[in-house]
Amino acid sequence: MSSDAGEIVNLAQRYCEVIETCSEERSQWLREIADVLPRLHAAITSLDGRAYEEHVPFGADLDARFALYGRLRDLLGDRDGYWLEFDRMGDTNAMTGSLADDLTDIYCELKQGLRLVDEHPDRAVQGWLSGFEFHWGRHLTDAERHMATLASLDRLG
C-alpha cells in the first residue's frame, strides 16, 4: 500500500471514530468533523485514480445507516438542514441539504472500506475512489461547504 493510501486509511479511521463518538457536546464534535473533512478530501483526491478504474460498489446495511442518520440528525438539530444551490430557484421553502445525511453517507462508505483494508487493501482503495467519484464525493463537498457556513456564523454570532 502506498503512503498516500495509508494516509486515506488513517483519515478514514479518524473520521469513523469521530462519528462513532458523537456526543452531546455538539460544538467540539463539529470542530473535529470540520478538521478532518478537508484532510480527507485532500487525501482521496491525491490518490492516482488511474490505478483504480474499476467501479467497486460497497454493500450497505440500511437499518444501521438509518439509525446513524437519525442519531446525527438529532444531535445536529437546527444545524442539520441547509440550502442547496438549486433550492432557491423553485417555489419550495424546504431545505433539501442535510449534514446528517452527508456525514452518514461518508461514514458508511469509509467504514465499508475499512472492513476490507487488512485483507484486500487495493479493493478498499478502489471502492473509496469509485465511491468518491460516483457518490460520497458530493456529500463531502456539501458537508465542507455547510461546515464553513456554520463556522462563519459562529464567528459572527
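Predicted model: local features only at pLDDT ≥ 70, side-chain atom pairs only at ≥ 80, totals over all residues.
## A walk through the helices and their core

Serine 3 counts as exposed, because its relative accessibility is 64%. The residue lies in helix H1. Its C-alpha is 9.8 Å from that of leucine 47, although 44 residues separate serine 3 and leucine 47 in sequence.

The mean pLDDT of the protein is 84. Of the residues, 82% score at least 70. Confidence is highest in H4, at a mean of 95. It is lowest in H5, at 87.

The largest nonpolar core holds 43 residues. Tyr15, Trp29, Leu103 and Trp128 have the most contacts inside this core. Five helices each supply at least two of its residues: H1 (3-20), H2 (26-46), H3 (62-76), H4 (99-116) and H5 (121-156). H5 gives the most, with ten residues.

Next, follow helix H4, residues 99-116. This helix has 18 residues. From first C-alpha to last it reaches 26 Å, close to the 26 Å expected at 1.5 Å a residue. Where does H4 sit, enclosed or open? Of its 18 residues, 13 are buried, so H4 is largely enclosed by the rest of the structure.

A disulfide is a covalent bond between the sulfur atoms of two cysteines. The cut-off for counting one is 2.5 Å between the sulfur atoms. The sulfur of cysteine 16 has its closest cysteine sulfur in cysteine 108, and the 8.8 Å between them is too far for a bond. Seen from cysteine 108, the closest cysteine sulfur is that of cysteine 16, again at 8.8 Å and too far. The surroundings of the two cysteines can be read from their accessibility. Cysteine 16 is buried, because its relative accessible area is 2%, under the 20% limit. Cysteine 108 has 24% relative accessibility, so it counts as partly exposed.

Technical notes:
Residues numbered from 1 in each chain as written. Heavy atoms only, no water. Core = buried A, V, L, I, M, F, W, Y, C linked by side-chain atoms within 4.5 Å. Buried < 20%, exposed > 50% of the residue type's maximum accessible area, 1.4 Å probe, protein only. Helix = DSSP H or I, 4+ residues; strand = E, 2+ residues; numbered from the N terminus. Expected span 1.5 Å × (residues − 1). pLDDT = per-residue confidence, 0-100.
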